[in-house]
Amino acid sequence: MAQPPTQLDSVCVFCGSSMGGKPVFEQVARELGTALALEQLRLVYGGGGVGLMGTTARAAHEAGGRVLGIMPDFLRAKERLLDEVETVVVETMHERKAMMYDASEAFVVLPGGIGTLEEAIELMSWRRLNLHLKPIWFVNTESFWDALIELFHNNVSTGMTPEWFLETFEVVDDVPQLMASMKMWFNR
């Protein structure tokens, strides 16, 4: 049976391999990377040097933080490894996600595309099945995740998902609110 983590050392961040259409997404990614470094928390991420994930990793690295990237070999050319940080190259997306999950005590989901959505949904499904009891935060920049959160509520109200599921994640508006919630969750 899964046990909730008691200490926080590494935070897995899922986010876009593109910048998205709003400059605030890049700003939030940079703020998060910097905040994790200042709190001495290792960033675990998808290993790419592009988009919001590259921005988050660069910011963490530039602020003196520890960073672990995990990249499947077939994406090396498209998502370009960030040479400045520790990166593990694996064969498949499944290996990538499993390593990211295992290397982290908490998860943060920033805005992102279909890949970010797929990672978040799998993470939520694993939580629903009690395969992990790690905290999950959605940073809802510019109401980006509103439709997904509404879908979660719809799943509960239609009886497809138990009501307790809505307590397995937290939605925050910005990085300061996220960091405050992390500190409360882990009594830091």
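Which residues in α4 meet which residues in α5? The views below lead to this contact. The model is predicted, with local features requiring pLDDT of at least 70 and side-chain atom pairs pLDDT 80 or more, while totals for chains, interfaces and linings use all residues. Residues are numbered from 1 along each chain as its sequence is written, and side-chain values use heavy atoms, without hydrogens and water.

**View 1. The open sheet has seven strands in the order β4-β3-β2-β1-β5-β6-β7.** Its pairing is parallel (two strands pair if DSSP finds at least two bridges between them; strands are DSSP runs of E with at least two residues, and helices runs of H or I with at least four, numbered from the N terminus). The edge strands, β4 (86–90) and β7 (170–172), each pair on one side only.

**View 2. Strands β5 (residues 106–109) and β6 (residues 136–139) pair in the parallel sense.** Three bridges join β5 and β6, and F138 in β6 is the bridge partner of V109. Helix α5 (residues 114–128) packs on the sheet, touching β1, β5 and β6 (contact means heavy atoms within 4.5 Å).

**View 3. Helices α4 and α5 cross at roughly 55°.** Their axes come within 12 Å (axes are lines fitted to C-alpha atoms, for helices over the stretch in contact, and angles run from 0 to 180 degrees between N-to-C directions).

**View 4. Residues of α4 and α5 meet.** In α4, R96, K97 and Y101 meet E118, E119, E122, L123 and W126 in α5.
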